[in-house]
Amino acid sequence: QVQLVESGGGSVQAGGSLRLSCTDSTYTLSTRCMAWFRQTLGKEREGVARIDSSGSTFYADSVKGRFAIFRDIVNNTLHLQMNSLKPEDTAMYYCAARTVRYCDGDHRSLFPYWGRGTQVTVSS
């Protein structure tokens, strides 16, 4: 079974940076669509960024120009580099995986595999 584990969250001041990581011990992450979602208490889980098997990336408008999703193929790790962080970026961030190669949508129902999440808190 796919078992995704996130890390790298923490507390940072506005304007700072964090890098989130997502790993799996057996599943080859580069062969499937992978994504990062985030959720604030009481709100819907929303897609932040995703990457397909060819390396094509997609971003939510709210993070374009600030976040970057990429893979470390050798270490089978998915990353989310977050720069110029804002207080509104505060959320629990989740790594998610599909069973197909393509990222044709960002709705959470398309992703059957999820990590437990890592908290990101941005203070003003």
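I looked up the Cys 33–Cys 103 link, and it is right-handed, with 110° about the S-S bond. This is a predicted model, where local features need pLDDT of at least 70, side-chain atom pairs count only at pLDDT 80 or more, and totals for chains, interfaces and linings use all residues. Numbering runs from 1 along each chain as its sequence is written, and side-chain values use heavy atoms, with hydrogens and water left out.

Back to the sulfurs: those of Cys 33 and Cys 103 sit 1.9 Å apart and form a disulfide (a pair of cysteine sulfur atoms within 2.5 Å). I then checked where the two ends lie. Cys 33 is in the loop between E3 and strand E4 (34-39), Cys 103 is in the loop between E9 and strand E10 (113-114), and 70 residues separate the two. Strands (E, at least two residues) are DSSP runs, numbered from the N terminus.

Buried or exposed, Cys 33? I get 0% relative accessibility for Cys 33, so it counts as buried (under 20% relative accessible area, 1.4 Å probe, protein chains only). Cys 103 is buried too, at 6%.

Next entry: how many disulfides does the structure hold? I found two. The other one joins Cys 22 to Cys 95, S to S 2.0 Å. I have Cys 22 in strand E3 (residues 18-23) and Cys 95 in strand E9 (residues 91-97), 73 residues apart, so I noted this pair as linking distant parts of the chain. The torsion about its S-S bond is about -75°, so this disulfide is left-handed. Both Cys 22 and Cys 95 are buried.

Last, I numbered the bonded cysteines of the protein in sequence order, and the pairing reads 1-3, 2-4.

Note on methods: Helices (H or I, at least four residues) and strands (E, at least two) are DSSP runs, numbered from the N terminus. Buried means under 20% relative accessible area, exposed over 50%, partly exposed in between (1.4 Å probe, protein chains only).
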